[in-house]
Amino acid sequence: MTVFGGRVPPSTFYNDSWVLTNANGITTSTWTQLMPTGAPPPARAAAVGALDPASSGMIVSGGANSDGVLNDAWVLTLS
């Protein structure tokens with residue numbers, strides 16, 4: 001599972017990416033923070049994310065932050 005962003009109320013927003021591995025209930029699961037290259041998307045909460053199997057990437061779109069509602073889309077390419 002790959003997740004992006006989030007919020008701690010009232011006004012702290014995040015733009016980091018994390019991967020959860022071994023979440024099968026049998027072995028110990030682990031969260032690992034990703035350190036992608038390039039400029040990250042603006043911090044946000046309530047965004048929509050989806051896996052794009054064609055590009056092995058995660059698409060993140062929309063959400064909101066302290067500046068208001070965001071109308072953008074970003075792709076994180078996973079290797």
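What share of the 79 residues in the protein chain is buried? Buried residues make up 20% of them. The model is predicted. The protein chain has eight strands and zero helices. One salt bridge is counted, and it pairs Arg44 with Asp72.

**Overall build**

- From the N terminus on, the elements run β-β-β-β-β-β-β-β.
- The C-alpha trace spans about 40 × 30 × 20 Å along its principal axes.

**The salt bridge**

- Arg44 and Asp72 form a salt bridge, and their closest N and O atoms are 2.7 Å apart.
- Arg44 sits in the loop between strand 3 and strand 4, while Asp72 sits in the loop between strand 7 (68-69) and strand 8 (73-77), so the pair ties together parts that are 28 residues apart in sequence.
- Arg44 has a relative accessible area of 1%. Buried means under 20%, so Arg44 is buried.
- Asp72 has a relative accessible area of 21%, so this residue counts as partly exposed.

**A cis peptide bond**

- The peptide bond from Pro9 to Pro10 is cis. Its omega is near 5 degrees.
- Pro10 belongs to the loop between strand 1 (2-8) and strand 2 (12-21).

- Ala46 has a positive phi, near 60 degrees, although the residue is not glycine.
- Ala46 is placed in the loop between strand 3 (30-34) and strand 4 (48-52).
- Exposed means over 50% relative accessible area. Ala46 reaches 72% relative accessibility, so it counts as exposed.
- Ser56 also has a positive phi, near 55 degrees, and is likewise a residue other than glycine.
- The loop between strand 4 and strand 5 (57-61) holds Ser56.
- Ser56 has 37% relative accessibility and therefore counts as partly exposed.

Conventions
Residues numbered from 1 in each chain as written. Predicted model: local features only at pLDDT ≥ 70, side-chain atom pairs only at ≥ 80, totals over all residues. Heavy atoms only, no water. Helix = DSSP H or I, 4+ residues; strand = E, 2+ residues; numbered from the N terminus. Buried < 20%, exposed > 50% of the residue type's maximum accessible area, 1.4 Å probe, protein only. Salt bridge = Lys/Arg side-chain N within 4 Å of Asp/Glu carboxyl O.
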